[in-house]
Amino acid sequence: MAHADKSAPSNPVAAFFKIEGTAIALVFALLVILFMLTAPRAFLGYRVYMSFMANVPPPMIIALGLTLVVVAGEMDLSFPSVVAFASYVFCILYQDYNWTWLALIAALATGTVMGFINGLVVTKLGIPSLIATLAMLFLWGGLLTVISNGASLAIPQIVGDPIQVVFAGRLGPLPVQFFWALGVAVLVWMILNRHRFGESLLFIGDSLKVAKVVGIPIEREKIKLFTLMGLLSAFAGVLLTLETTTYFAQAGMGYLLIVVAAVFIGGTSIFGGSGKIVGTVFGSLIVAIIEAGLVASGVAGFWTRFYIGLVFIVSVTMNAAIEDPDKVPLLKDLRARVKRY
Amino acid sequence: MSSQATSNQATPSTPIVRLENVGKQYGKVVSLKNVTLEIGSNEIVGLIGDNGAGKSTLIKVLTGVEPPSSGTLYVRGQKIDAASYTVKEAHKLRIETVYQDSSLGEKQPLWRNFFVGRPLTNRLGFIDVKAEKRVADQIMRSTIGFRGVGISVDTPVSRLSGGERQGVAIGRAMHFDSDLIVLDEPTVALALKEVQKVLDFIRSIKAGGRSCIYIEHNIHHVHEVCDRLVVMDRGEVALDAPTSSMTYIELTDFLMSLHSRRPAAGASH
């Protein structure tokens, strides 16, 4: 969508960019080519891509859930603790009771309940979700530290178990979890663009007043939204655990920046009311490839976060400017000056 | 679905809506005191009054946005339970509201705006987008007569003019077979040409055999299209008379007389 207006005269190009996600897919492709040039040894082989497909799914699934949250004009920062909590529940049940599928169900249920409680805190206490979920991040994280006694767990023996094969095995060289993430992406796309729940979220994010007068049950839909976010975060936690066969308390914290960045790099509006699922999928890939690509290109590892932050701020500004240039005060100012002369 | 034709089981003499001694308080602020009002079938009722006269509150109570503090509401002779009366219930009873600037989602395409709140879905809740777009297109062409000027069902509302927005909202209300359409100051902030469009939409409501409550500041517009006038003043109905019984001048004189009474009432506080 990004370049649609500029290339308006030549119709096929404009039509191409009107298809959801083509612009960001192009950005991703350009990054791959760039890193093929700067780090040929890594990026011309297939291993680095296999590694992406194994490691991107958990943050991608969380980012997909967060896209729906942002569409409704809300925010959820508590997901790192939900990821860790689900990971712990799964690990401990596997380790102590040898549960596998039941451990999965218990972990998902835990995340769902946590999300439901997040939803209650946001709607019933009326605290803005950015603050409420930041508090819940600490609350859930603290509770987990108490329950787990601060310990880490390792369950290497799960490799080869059916549940590990189904969720984190390999189809030939391809990590299975990537297909799960794509499946979640299709599902979330259908919810947002084709389901009445998604439509409610779009209108809630667009304007609460409108949502109210057209009869959308705002509170109920928001609680459902945070509950779904909890479920998806928990699923991501289980996938992470099955891939790494470990639990540690900081498991989800590393996702905080990259997940939020993936959503906004993907072109979902920070103002709510519109969201791009395909954008989020490529946003997650872009964040991952920047991290890997910079390291492989010889940029010191410490710089990667700096660059992700930079790409984050540039892409959010660009997306806001595409939506409405007057929403970026700097551009508004410049436009006003240009007009004057 | 609400579009099925269950029309007019009630006899023509039964009003569509009847408010009986309805009161509404927000904390200590009394917005409505003992309002009794009827809206009959196929009439356009103009609702006039200053800001704070209670017009908006009256509409909110009538359309299920807020419950009344006291009094009773009847729809087609049936007593309504205030506790379970919501916007959705009002829709089911074929009462629709078009708010001045909060009826349409700005970033959403027209087809979503037509069906939001009651989409055409399958049993799992998935929306039949093709059917919605087809119907929305029909409404745009026939009911509200949008032609050309680059507006399609995929156009987001933010690209429409103020008059076109009112047209979309009114077209939506008519599609869902409402008997009573409430318009909350639809011509505020519109250019003159646009205002004429909206007044035509209002006439088409009556031509379609439905009723309308038209809230308006501009007395001239009200006098032009309405069958009956209701003037609200400080939470009460100050006048309820057929438009034909008053000339435009008499109406303005009456409204001025309300103003001159006001300072006296204010001084006693």
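Trainee: In the hairpin of β9(B) and β10(B), which residue takes a positive phi?

Mentor: This is a predicted model. In it, β9(B) and β10(B) run antiparallel and are joined by 6 bridges, among them the one that pairs M232(B) with V237(B) in β10(B). The hairpin has 2 residues between the strands. The residue with a positive phi, near 45°, is R234(B).

Trainee: In what order do the strands of the open sheet in chain B stand?

Mentor: The sheet has 6 strands, and their pairing is mixed. Neighbouring strands are turned against each other by 15° on average, direction ignored. The order is β6-β7-β8-β3-β9-β10.

Trainee: Why is one side of β6 and of β10 in chain B left without a neighbour in the sheet?

Mentor: β6 covers residues 95-98 and β10 covers residues 236-242 of chain B. Both stand at the edges of the sheet, so one side of each has no neighbour there. The reason is that each has a single partner strand.

Trainee: Which residue of β8(B) is the bridge partner of G46(B)?

Mentor: Strand β3 of chain B takes in residues 44-48, and strand β8 of chain B takes in residues 211-215. The two run parallel and are joined by 4 bridges. In β8(B), the partner of G46(B) is Y214(B).

Trainee: At about what angle does helix α5 of chain B run to β6(B)?

Mentor: Helix α1 (residues 55-62) of chain B lies across β3, β6, β7, β8 and β9, at about 150° to β7(B). Helix α5 (residues 162-175) of chain B lies across β6 and β7. Its angle to β6(B) is about 175°.

Trainee: Which helix gives the largest share of the side of chain B that touches chain A?

Mentor: The contact takes 23 residues from chain B and 17 residues from chain A. By class, the chain B side has 9 nonpolar, 10 polar and 4 charged residues. The largest share of that side, 3 residues, comes from residues 87-92, helix α2 of chain B.

Trainee: What is the radius of gyration of chain A?

Mentor: Chain A has 17 helices and 4 strands. For its 341 residues the globule rule gives 20 Å, and the value for the chain is close to that, so chain A is as compact as a globular protein of that length. The C-alpha trace spans about 75 × 55 × 35 Å along its principal axes. The radius of gyration is 21 Å.

Trainee: What percentage of the residues of chain A count as buried?

Mentor: Buried here requires 20 or more other C-beta atoms within 10 Å of the residue's own. Of the 341 residues of chain A, the share that counts as buried is 47%.

Methods. Residues numbered from 1 in each chain as written. Chains lettered and ligands numbered in written order. Predicted model: local features only at pLDDT ≥ 70, side-chain atom pairs only at ≥ 80, totals over all residues. Pairing = 2+ DSSP bridges. Axes fitted to C-alpha atoms, helices over the stretch in contact; angles between N-to-C directions. Contact = placed C-beta atoms within 7 Å. Nonpolar A, V, L, I, M, F, W, Y, C, P; charged D, E, K, R; others polar. Rg over C-alpha atoms; globule rule 2.2 N^0.38 Å. Buried ≥ 20, exposed ≤ 12 C-beta atoms within 10 Å, placed from the backbone.
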